[in-house]
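Trainee: Could you take me slowly through a single part of this model, the place where the two chains meet?

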Amino acid sequence: MDALLFLFFALVAVGCGINLVVQTHPISSALSLIGVMGSLAVLYLLLGAEFMAMAQLIVYAGAIMVLFIFVIMLLNAGVERKKGTSMLVKALGVPALVAFLGMVSYLIQRLMPGTENVTFGAFQGGTVQAIGRKLFTEYLLPFEVTSVLILIAILGAVVLARKEI
Amino acid sequence: MPTTVPLTWYLILSAILFGLGVAGFLFRRNIITVFMSIELMLNAVNLSFISFSYKWRQVDGHIFSFFVMVVAAAEAAVGLAIILTVFKNRSTLAIDEVNSLKN
């Protein structure tokens, strides 16, 4: 069951990722990205990260993608115009990417031999309680710095979106 | 057919998604799609963090991935505001046409 779930959602993620790169209309790319994020949330759940799976769905697939789609709607973004890509890129781009990914996969297999199999429920440490305890004791300073970062981001967005610039 | 998959498969999936993000970042010409490719790369890194968190049975990877998520949200807000400003000034979304520094 675990293998079936992994294979199905990994295929969905890769398919949606390829679709994101291939589509020319931004709204199709945005919907593909939502597919990637949703299937990644299921994979997080398989790895025992229940809080992160929910945060992925709410923050990424919910909030950030709504922002993206809102901007696409606001700017009325249409189909991307084709620019002349060089023959070298057309001929070598995809084979180079596949070769690079094959090399990385081989290296991962060689560097981590005999890793255990992932079974659902083997790691119970991803609960809200465990993450909250860690976040508010050991990682308290980074957490507080994050609030300053978000404040700066809000101010930056407000300043950039003013009329005069 | 085995009922479980090795952890390395999760890492390979993460590498594939990251590679797709890099490809989209390099090949696409629409500034919004380029930005979405960056989000795809961030997601791939998050999957890697959570896989290693599973391997060592530590929750620290989840915390890192949580911070990546927070930074991505802040980055999306500022980045989309920049895209709005660029569109207001240049009336285009193609990154090839935003080349004032080049000339």
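Mentor: What follows is a close look at the contact between chain A and chain B. Please keep in mind throughout that this is a predicted model.

Taking the contact as a whole, 60 residues of chain B are in contact with 71 residues of chain A. On the side of chain B that touches chain A, the elements giving two or more residues are β1 (5–6), α1 (7–27), α2 and α3 (60–90) of chain B, and of these α3(B) gives the most, with 20 residues. Sorted by class, that side of chain B has 42 nonpolar, 13 polar and five charged residues.

Within this contact, one pair of helices can be followed in detail: helix α3 of chain A, residues 50–75, packs with helix α2 of chain B, residues 31–55, at an angle of about 175 degrees, and their axes are 12 Å apart. Because of that angle, α3(A) is roughly antiparallel to α2(B). The residues that meet are Met52(A), Ile64(A), Phe68(A), Val71(A) and Ile72(A) from α3(A), and Ile32(B), Met36(B), Glu39(B) and Ile50(B) from α2(B). In the contact of α3(A) with α2(B), eight residues are nonpolar, none is polar and one is charged.

Technical notes:
Residues are numbered from 1 along each chain as its sequence is written. Chains are lettered from A and ligands numbered from 1 in the order in which they are written. This is a predicted model: local features need pLDDT of at least 70, side-chain atom pairs count only at pLDDT 80 or more; totals for chains, interfaces and linings use all residues. Axes are lines fitted to C-alpha atoms, for helices over the stretch in contact, and angles run from 0 to 180 degrees between N-to-C directions. Helices (H or I, at least four residues) and strands (E, at least two) are DSSP runs, numbered from the N terminus. Angles under 35 degrees count as roughly parallel, over 145 as roughly antiparallel, 65 to 115 as roughly perpendicular and the rest as oblique. Two residues are in contact if their C-beta atoms, placed from the backbone, lie within 7 Å. Ala, Val, Leu, Ile, Met, Phe, Trp, Tyr, Cys and Pro count as nonpolar, Asp, Glu, Lys and Arg as charged, and the others, Gly among them, as polar.
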